[in-house]
Amino acid sequence: MKERNIGGYVKASTVHREERGKKEEGRKKLTLFMGCLGTISYTFFLLSYSSRNPIRSGPEGFQFSRALKSSSRSMYRGLSLRTSMGEETAASMARQDERPSRGIECSVRKVPHVLTVAGSDSGAGAGIQADLKACGALGVYCSTVITAVTAQNTVGVQGVHHVPEEFVGEQLKSVLSDMHVDVVKTGMLPTIEVVNVLCQKLKEFPVQALVVDPVMVSTSGDVLAAPSILSVFREELLPMADIVTPNLKEASALLGGVQLETVSDMYSAAKSIQSLGPRNVLVKGGDLPASKDAVDIFFDGEHFHELRASRIKTCNTHGTGCTLASCIAAELAKGSSMLPAVKVAKRFVEVALDYSKDIIIGNGFQGPFDHLFKLSRVCNSCKGQRFKPSDLFLYAVTDSGMNKKWGHSITDVVKAAIEGGATIVQLREKVAETRDFFKTAEECLEMCRSYGVPLLINDRVDVALAIDADGVHIGQSDMPARVARILLGPEKIIGVSCKTPEQAEQAWLDGADYIGCGGVFPTTTKENNLTIGLEGLKTVCLASKLPVVAIGGIGVGNAHSVMKIGIPSLKGVAVVSALFDRECVTTATKMLHSVLMDVVSTPN
Ligand SMILES: Nc1ncnc2c1ncn2[C@@H]1O[C@H](COP(=O)(O)OP(=O)(O)O)[C@@H](O)[C@H]1O
Ligand SMILES: Cc1ncc(COP(=O)(O)O)c(N)n1
Ligand SMILES: [Mg+2]
């Protein structure tokens with residue numbers, strides 16, 4: 001198999017037909033890729049999610065669906081390509097259409113795909129690792145051909161180990177012959193031989209666009225490519241490139257060492273580099289001395305564009321160049337044309353730097369930044385861990401009508417409930433304007449975080465996302481839990497209201513964390529709500545694979561009878577009026593808390 005000459009998509013598809021048994025291997029590769037991203041919990045989520053959704057399993061490769069064909073074609077047309085490349089691409093697409101079905105009847109979807117040909121950075125701020133994160137953040141699949149392995153951290157580059165060019169070629173052939181790459185992005189290409197093998201493979205397997213980040217020296221000043229590659233860059237690679245993105249030092253090197261110190265120098269450099277053959281040039285000004293903005297100059301052979309972003313005050317700029325080029329490639333793979341792709345990429349770098357300007361990883365002067373906009377928030381988030389079923393013990397659900405009646409502010413009642421012993425809070429707001437709800441929710445989140453109590457939002461997945469709440473609680477007529485899980489990701493808490501064992505089963509399949517079961521008793525807070533009684537609660541608790549919180553008409557007088565049903569999945573009670581339709585919310589919460597404590601501390 002290894003020696004088989006896979007000459008293109010036709011032969012590649014024959015290989016597919018012969019090797020349906022490769023399915024398992026494909027799955028393992030995907031898991032490995034996720035591991036690379038370092039998100040073990042995410043992998044766990046995906047695996048458990050797909051195991052809970054057997055009907056959703058699809059093909060493990062990528063194919064064009066007939067329905068999507070025409071839109072994909074127009075996506076390809078959207079790009080201004082060299083004619084020869086464009087024709088080749090259309091031809092290879094036609095060949096893909098002929099690929100045989102793998103015997104799985106389901107709809108198929110083409111995924112935008114960037115291949116990065118670059119070096120590994122052990123510190124994961126730049127290189128292959130940055131490329132994977134950037135493409136992932138923009139929703140694009142990223143495959144990787146590794147040209148070198150560096151021992152690198154926030155201080156500098158301690159060592160470089162080149163991958164032999166034959167093996168770079170083998171990796172290129174593996175990916176390009178099979179995986180329908182849209183755009184190739186290059187980073188560290190350490191030797192002439194590696195550049196030559198890349199150019200040769202690109203001619204053999206043409207792609208839609210080529211983004212060249214001419215990496216030569218790291219920000220720390222360490223040499224990543226021999227100066228001898230300059231000639232092959234100029235003569236071979238740049239003429240094939242749709243865009244080349246040199247920083248100041250690289251632009252200077254490509255032009256034989258000219259001094260580049262001002263924005264005006266960057267304009268002339270962009271023009272001179274464009275005359276070497278690339279379709280577009282972006283000269284990056286991250287290292288421009290004494291510039292207030294981060295200025296880059298884009299030149300498409302006819303027009304210049306001066307792209308400016310605010311210069312973020314941070315040491316965490318390691319990998320900005322790799323990220324920028326990967327984002328450009330990702331946007332092109334999605335069908336964007338060049339200038340909009342560059343603008344999105346620049347904006348991404350600016351926002352990511354801003355989000356991570358304060359994070360500290362390593363002791364050196366060149367820290368990595370956070371492509372997924374998560375790290376700075378995780379630091380602040382509730383207890384730093386996911387949902388604990390014991391948090392359902394005394395679950396407070398707010399009600400703006402009751403607050404109005406008693407003249408309470410929402411933040412005051414949330415604080416009071418927490419001080420009285422509430423273990424989780426849900427904001428339930430049915431009438432407020434979105435802007436007001438957003439603001440209140442933000443304030444409540446800050447409060448809950450300071451006490452280490454999770455905050456959930458009722459119904460409004462958008463508000464939960466906007467404020468980065470701990471999760472949502474959704475009803476049977478709200479957004480499906482399965483969709484909420486996709487929107488919120490693996491870490492957020494999702495609760496679903498259920499009245500029957502079937503609904504509880506569905507909530508589990510959909511990836512919920514707990515169910516709210518009721519109304520156990522008649523209640524005034526929900527109109528036309530069917531009461532299921534203690535018997536109904538018992539039936540659902542016995543069937544539920546998820547922890548349960550009982551809800552509906554529960555208070556100091558009957559909480560005991562609810563908890564006494566003694567089914568292990570029942571973890572607590574959720575209450576509205578018993579806490580918030582009271583003058584003193586703290587006292588009411590304390591009373592309920594002590595009733596619940598009595599039940600758990602009294603033996604049966
Ligand atoms: N402090 C910063 N704030 C905002 N954008 C920046 C900052 N530093 C670099 N950039 C942007 O990041 C991108 C990469 O630029 P640069 O750092 O010059 O490249 P390289 O990483 O290849 O040296 C450019 O768009 C540049 O303007
Ligand atoms: C493997 C590898 N590739 C590229 C860079 C450039 O990134 P930066 O300019 O931010 O140091 C790097 N340091 N390491
Ligand atoms: Mg930089």
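User: Which residues of α24 are called buried, and what makes them so?

Analyst: This is a predicted model, in which local features need pLDDT of at least 70 and side-chain atom pairs count only at pLDDT 80 or more, while totals for chains, interfaces and linings use all residues. Residues are numbered from 1 along each chain as its sequence is written, chains are lettered from A and ligands numbered from 1 in the order in which they are written, and side-chain values use heavy atoms, leaving out hydrogens and water.

Buried means under 20% relative accessible area, with exposed over 50% and partly exposed in between (1.4 Å probe, protein chains only). In α24, Val 585, Thr 586, Ala 588, Thr 589, Leu 592, Val 595, Leu 596 and Val 599 are the buried residues. Across the 604 residues of the protein, 52% count as buried.

User: What do the buried residues of α24 pack against?

Analyst: With contact taken as heavy atoms within 4.5 Å, they pack against β10 (394-397), α16, α22 (559-563), β17 (570-575) and α23 (577-580).

User: What makes the contact between Thr 423 and Asp 391 a polar one?

Analyst: A polar contact is a pair of N or O atoms within 3.5 Å; within protein, one must be able to donate a hydrogen and the other to accept it, and residues adjacent in sequence count only if both atoms are side-chain atoms. A polar atom of the side chain of Thr 423 lies 2.7 Å from the backbone oxygen of Asp 391, and that distance is within the cut-off. Thr 423 sits in the loop between α16 (410-420) and β11 (424-427), where the residues it touches include Ser 390, Leu 392, Tyr 395 and Pro 454.

User: How many residues line the second largest pocket, and which lie nearest its centre?

Analyst: The lining has 43 residues, with Thr 219, Thr 317, Gly 319, Thr 320 and Gly 321 nearest the centre.

Note on methods
On a 1 Å grid over the protein atoms alone, a cavity is a set of points where a 1.4 Å probe fits but cannot get out, and a pocket is an open set with protein on both sides within 12 Å along at least five of seven lines; lining residues have an atom within 4 Å of a point. Helices (H or I, at least four residues) and strands (E, at least two) are DSSP runs, numbered from the N terminus. Lists of a residue's contacts leave out its neighbours within four places in sequence.
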